[in-house]
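Please keep the sequence and the 3D view at hand while reading.

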Amino acid sequence: LLENESSSGAIEVLSSGNNYFLKVDLQDPRVSTRVGLANNDIGGYESLASMKNRYANQGYSEWAIINGDYFGSGCPSNVNCAQGLTYIDGTTKDNWSAYGTTWPVRSNIGFDSSNGVQIAIGDAQSKRNMTIAGGPWIVKDGGSPTCQGDYINGTTYFSTGEQFTGDQRWYCTTTEALTMVGYSSDGRYLFMGVSSGGINVLQLGQWLKDRGAFDVIKLDGGGSSGIYHDNNLMKGSGSRSIADH
């Protein structure tokens, strides 16, 4: 997230306890959103602490970066190592072939060139200027936060229709660090940030809903979670090598 001129209220900090989130006015013409892969979009892995350097000292009056999608180990250095749907500047970034077809069964958040925003699952995403994935979808259409998965034959099937390899039901109960992103009912405000621990996705989803979020998805968490705001690490860690932001 980048604000291109002097700051005057386009970005509001929502900070409480272990939570540090930004509420961003997507309709402010100074604000732009960006998805980025590791190593200046070449791929592979890179720490968030390193990724954020591409935004520091570039003349932005205000900027922030959070970690993004899930990833596996052993991914080559020149490949999109994120597992979900990824678009940068309107161009698809194919996932590492070893993942198979994970992207069609994961939720993602997409932005069009006018900062219009949408959360969808897989190919249902229509906003593909900038798109980054995660999951599961925790707050949907303003409903109560939900996280329910069934583990069957090596796959976790969430009630949203999303699928994750392995037993990932712990996504619903972990109180480790969490990264989440969402938006208001009118699509005007983007919520993005990190809880550094102590609450689960349902509690964090409710906390965001109480502050105006209408749709919210979980991104990668635990040791991957981190948010930098104006070059300062505010919550989580920036040290783990990750796939995207």
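How many residues lie between β13 and β14 in the hairpin that they form, and which residue in the turn has a positive phi? In this predicted model, β13 and β14 are separated by 2 residues, and Asn-153 in the turn has a positive phi of about 50°.

- Strand β13, residues 149-152, pairs with strand β14, residues 155-158, in the antiparallel sense, and the pairing runs over 4 bridges.
- Within this pairing, Tyr-157 in β14 is the residue that stands opposite Asp-150.

**An open sheet of five strands**
- An open sheet is formed by 5 strands in the order β8-β7-β11-β9-β10, with antiparallel pairing.
- Because β8 (91-92) and β10 (117-121) stand at the edges and each has a single partner strand, one side of each is left without a neighbour in the sheet.
- At the β8 end of the order, β7 (residues 87-88) and β8 pair in the antiparallel sense over 2 bridges, and Ile-88 has Thr-91 in β8 as its bridge partner.
- As a general point, the strands of a sheet pair through backbone hydrogen bonds, either parallel or antiparallel.

- Pro-76 is placed in the loop between β6 (62-66) and β7, and because its relative accessible area is 31%, Pro-76 counts as partly exposed.
- When neighbours within four places in sequence are left aside, Pro-76 is in contact with Gly-44, Cys-81 and Trp-96.
- Pro-76 and Asn-40, which are 36 residues apart in sequence, are 15 Å apart in space, C-alpha to C-alpha.
- Asn-95 lies in the loop between β8 and β9 (107-111); its relative accessible area is 17%, so Asn-95 is buried.
- Not counting residues up to four places away in sequence, Asn-95 touches Val-79, Asn-80, Ala-82, Gln-83, Gly-84, Thr-86 and Trp-103.

**Nonpolar cores**
- The largest nonpolar core has 27 residues, of which Leu-22, Ile-109, Phe-111, Val-181, Leu-190, Met-192 and Ile-217 touch the most other members.
- The elements that give two or more residues to this core are β3 (19-25), β6, β9, β10, β11 (130-133), β16 (178-183) and β17 (189-195).
- Among the residues that Ile-109 touches, not counting those up to four places away in sequence, are Val-117, Ile-119, Met-130, Ile-132, Val-181, Leu-190 and Ile-217.
- A second, separate core has 19 residues, including Phe-164, Met-180, Phe-191 and Ala-213.

**Gly-193 in strand β17**
- Gly-193 has its place in strand β17, and because its relative accessible area is 0%, Gly-193 is buried.
- Leaving aside neighbours within four places in sequence, Gly-193 is in contact with Tyr-20, Phe-21, Ile-66, Leu-178, Thr-179, Met-180 and Ile-227.
- Gly-193 and Gly-236 are 43 residues apart in sequence, while their C-alpha atoms are 9.7 Å apart in space.

**The largest pocket**
- The largest pocket holds about 340 Å³ of space, and among the 22 residues that line this pocket, Tyr-70, Phe-71, Gln-168, Tyr-171 and Asp-220 lie nearest its centre.

Key:
Residues are numbered from 1 along each chain as its sequence is written. This is a predicted model: local features need pLDDT of at least 70, side-chain atom pairs count only at pLDDT 80 or more; totals for chains, interfaces and linings use all residues. Side-chain values use heavy atoms; hydrogens and water are left out. On a 1 Å grid over the protein atoms alone, a cavity is a set of points where a 1.4 Å probe fits but cannot get out, and a pocket is an open set with protein on both sides within 12 Å along at least five of seven lines; lining residues have an atom within 4 Å of a point. Grid points are joined across faces, edges and corners, and a volume is the space filled by probe spheres set on the points. Two strands pair if DSSP finds at least two bridges between them. Buried means under 20% relative accessible area, exposed over 50%, partly exposed in between (1.4 Å probe, protein chains only). Contact means heavy atoms within 4.5 Å. A nonpolar core is a set of buried Ala, Val, Leu, Ile, Met, Phe, Trp, Tyr and Cys residues joined through side-chain atoms within 4.5 Å.
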